[in-house]
Amino acid sequence: MLRFTYIAIVLLLVAPAAGAGGEAPDFDRDIRPIFEQHCYECHGATKAEGGLRLTSRAAAFTPGDYGIEVLVPGDASLSLLYERLIDPDPAERMPHKRDPLAPGEIDRLRRWIDAGVEWPEHAARHWAYVAPVRPAVPGPGHPVDAYVQARLDQEGVEAQPRAQPARLLRRLHLDVVGLPPTPQEVASFVADPSSEHYEAIVDGLLASPRFGERWAVPWLDAARYSDSNGFQKDNFRHTWGYRDWVIDALNADMPFDQFTIEQLAGDLLAEPTTAQRVATGFNRSATVNIEVGVDPEEDRIRQVGDRLNTTAMVWLGASLECAQCHDHRFDPYTQREYYELFAFFNSSESDVVRIGNKGVAYNLAGPRVDLPNTPTRQRQLDRLNEEARAARARLGAVDRAAAFPSWVEEMRRLLQSPVEWVPVEVLEVRSSAGEHHDIAADGSISLEGPVPDTVEHTIDFTSALDSVTSVRIQSLGAAAGGASGEHRPKRGLPMLSEVRLSRPGADGRGRSEDISIWINQPPTDKALAYLWLTVDGDPTSPWRMRGAPIYHFDTVPGGARLRLSLSQNYGFGRTLDRLRIAVTGAPHEQLVLPSRVQELLLDDDRTAAERAELFKYFGTRGLEAPSELQLLRQRATGLRPPTSLVMAELPDRRQSNVLLRGSHLSPGDPVEPSTPANLHAMADGLPRNRLGLARWLVDPTNPLVARVTVNRWWAAVFGAGLVRTPEEFGTRGARPTHRELLDWLAVEFVEGGWSMKHILRLLLTSEAYQRSSIADDELRRRDPENLLLARQSRRRLDAEFIRDNALSVSGLLVHGGQGRPKYPPQPDGLWTHVGSSADEYQVSWDDDRFRRGVYTVHRRSAPYPSFVHFDGPDRTTCTVQRSHTTTPLQALTLLNDEAWVEITLALAARLLSEPDALSERDRLGSGIQLVLAREARPKEIDVLAALLEAERVRLAADPTAAAALIASAEGYAAPENLDAVELGAWFSVASALINLDETITRS
């Protein structure tokens, strides 16, 4: 035990050196960080090896297990602590089994002991756990600048001057709205770079609708927002309503306390609005495991823990997950306190449900709310509802006995013309699993190659009929009695999960218009009893393919190009082998008549019993009977408004327990919802649920929330936080570089109404923000990490903003885009190699192709690849600070990715079409001005001019290369009046500009 005491003592010293050589070290600044970083693991609040704690002076002077005094005030040479730090024997020296401390660190502790072990009582707590008090501003002028300048004066460092106007304006635009300024905006500011003009620009950008789109990205990282569930299956979910709520809330500058409450507990507010319920999607963004055989309770417990851990990281800057299995080693959070917080989240509805009463398959479940429908779809839905009301009224008013004869005659007339099913002309077949296909003379499609577990087939076809009202799908494989497909499907009948019909452009490209389809099969056909599962909007509910299903839709011209999408997500290789598609133009009424009813209708000598049988059918399934209502309901299914996942509480609270070693199989003592004793107390009047917890978090006495939040915003506009570890404000985190400034901002944030835009305006209008990022060798030597803020930072843009910036300068960017995720181009085949969902990546061909990155579909197992290359997170867990790496793959992405080829070609066409350029050099200078938001230098124009001429010569010798390049940009059509060789040459210039380090960097 004595040895463990020695180990703990030496661990005190592995901290940064501070304090001047002749000045007694300050405990809070110089000594306490050593204890926190390197000693509390064994000698902190929750653990005391050898009976020693170093959390207070009294605890440190309490004799350990062997009654040995560790510290002798005034004489380090007699202190066991100092002795063990310098012990030459590695087995005795502290830190045990670690590198010895740096000489400066040992000297700092020696001088502290020699000076009398100054250890004030107020320093008993870690700085971040003490509520901030507004300190006095140390000088006149802007508060931020006063604090920064005071530190610079103390260190004898001179600040850099204001950045050049053009560079400052680009920095400001990229930081506030994530988009570059236009050349006109740059010219205006260069002509008048006054403080008044600058502040007016700041105010305009803060009020821009682009503000929310930029600042939503880091918040969605923290919320681990995604459009898919995660894990191996990684199916899709509807949760984009939450993403749009975040954007709208940020644009409206919703007070951060309200922003917090609505996300954590909007559903628990009195009479919550739809928007407040949608806000709780924050905690429905956790990953969900619906793999076959998953233990639903184990996954539920994991999700509850994820919600707690994310809440702690986002609002408290705390690594609370360390306390899931044991007391926190470094911070004063016990395992029991962890599960007391866990109890706040433990009474929400489960996110998974078993499919059917038997088996081990699960599906995403839990509460959700309807979002506002699109105007067009809502008008269609309203029309169908009106038709349904009219049908019910007609049904109630009809004299069935009087209407029966005319109905019989009408049906007999229809039956005189037999239903003609005509095989379609197949134009194109695509398989998400890469299967080969063969189209026979009879129009049947044979699928060949390895049998996939799941797949989606997309079949484009047309017809020679004048009009088409219905489509029929026949499975012709071995299991259906066909001759082919010895091993298809692997077992049993094929399983069909979802059927969709759409109308693409004449060439198969362009925007695809969805066509509402419905079913109305005879009730006596048991093989088709569950066919409705293929049009229920749920891609996980399968129907066993028996019979030939028929899908109805509003009449379309027979020559139109139609696209049929068949999803087979059941798994186990239950996929199609051979199929035939046929269409008809017959009236829907004729198609739904059972064969027995047709016999009765065509029989001229019906008996009384047969007449009664026919009349019964007319009364229940006839033209004016409930079948019409069923048809209308099925048509309305495809027009239902989208939904969004939300939180909801169970009527009765679940029992919560300490989970021994974090295992749900080992429940320990029961616990009630409560908050950590180390932080501020929870008011007695607050409910012990998520709403009470949210209000506790934003209590003005909370020492962490305001600091943690403004620190992240500071990092976003200065490159690094005042606390360099935004994910960790505990004892293992970095100490603030400007503690008083951080506290002043935190108090200003709360007392200023929790306004994000108010704090950002303070930061953006400071001289510290506006400084040049250029530094001489001496400044870089003195302050390599820019801790003193004598200059601005220079850093690469985040992934989404690299693309947004390029779209903007190319002229392709289309603003707006809320709603369903967008699908810009990405390399083919990525989604067919991940997960078990057979969804094919359907590239957008309309304006959605060029929306901002925040709207791009996010799939956890395969995020948008160019975002991944630039360090975009997969969002399986909370991320409050992205890493920034530099790899060759990034340059290859900007050069070769299909989306970037389109952007670059559009930029080339824009430069080539520049109307104000008087010469080629002017045009090249205009390109630099457009992309980099600054004037071109003569040497830069020389380099680009040489590149342009070399490319002209190369492409003139091979004109087909230029034509192939232009054709490769499928989503962008260059102006026809531009010469292909000239455009190809300017493409190389545009590519050089897009790939500049300066282009993807904010400085």
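User: What percentage of the 1003 residues in the chain is buried?

Analyst: Some background before the number: this is a predicted model, in which local features need pLDDT of at least 70, side-chain atom pairs count only at pLDDT 80 or more, and totals for chains, interfaces and linings use all residues. Residues are numbered from 1 along each chain as its sequence is written, and side-chain values use heavy atoms, with hydrogens and water left out. Buried means under 20% relative accessible area, exposed means over 50%, and partly exposed is in between (1.4 Å probe, protein chains only). With those cut-offs, the buried share of the chain is 56%.

User: Of the contacts with a separation of 6 or more, what percentage comes from residues 24 or more positions apart?

Analyst: A contact here is heavy atoms within 4.5 Å. For residues 24 or more positions apart, the share of those contacts is 75%.

User: How do α8 and α11 lie to each other?

Analyst: Axes are lines fitted to C-alpha atoms, for helices over the stretch in contact, and angles run from 0 to 180 degrees between N-to-C directions. Helix α8 (residues 165-176) packs on helix α11 (residues 210-222) at about 70 degrees, and their axes are 8 Å apart. Angles under 35 degrees count as roughly parallel, over 145 as roughly antiparallel, 65 to 115 as roughly perpendicular and the rest as oblique. The orientation of α8 and α11 is therefore roughly perpendicular.

User: And how many nonpolar, polar and charged residues are in that contact of α8 with α11?

Analyst: L174, D175 and V176 of α8 meet F211, R214 and W215 of α11. In this classing, Ala, Val, Leu, Ile, Met, Phe, Trp, Tyr, Cys and Pro are nonpolar, Asp, Glu, Lys and Arg are charged, and the others, Gly among them, are polar. The tally is 4 nonpolar, no polar and 2 charged.

User: Which strands stand at the edges of the open sheet of 5 strands?

Analyst: Two strands count as paired if DSSP finds at least two bridges between them. The order is β5-β8-β15-β11-β12, with antiparallel pairing. Neighbouring strands are turned by 25 degrees against each other on average, direction ignored. Each edge strand has a single partner, so one of its sides has no neighbour in the sheet, and these strands are β5 (425-431) and β12 (513-515).

User: Which residue takes a positive phi in the hairpin of β6 and β7?

Analyst: Strands β6 (residues 436-439) and β7 (residues 445-448) pair in the antiparallel sense over 4 bridges, with H436 bridged to E448. There are 5 residues between the strands, and the one with phi near 85 degrees is G443.

User: Are Y242 and W245 buried or exposed?

Analyst: They are 3 residues apart in helix α12 (residues 240-251), about one helical turn. They also belong to one aromatic cluster, whose members include W219, F256, W315 and W754. Both Y242 and W245 are buried.

User: How accessible is W754, the non-glycine with a positive phi?

Analyst: Most residues other than glycine have a negative phi. W754 has a phi of about 60 degrees and is found in the loop between α25 (739-751) and α26 (756-764). W754 counts as buried because its relative accessibility is 6%.

User: How far apart are the C-alpha atoms of I581 and S475?

Analyst: I581 is in strand β16 (residues 578-584) and is buried, with a relative accessible area of 1%. Leaving aside neighbours within four places in sequence, its contacts include V422, I459 and L564. I581 and S475 are 106 residues apart along the chain, and their C-alpha separation is 9.1 Å.

Conventions: Helices (H or I, at least four residues) and strands (E, at least two) are DSSP runs, numbered from the N terminus. Rings of Phe, Tyr and Trp (its six-membered ring) pair if their centres lie within 6.5 Å; planes under 30 degrees apart count as stacked, over 60 as edge-to-face and the rest as tilted.
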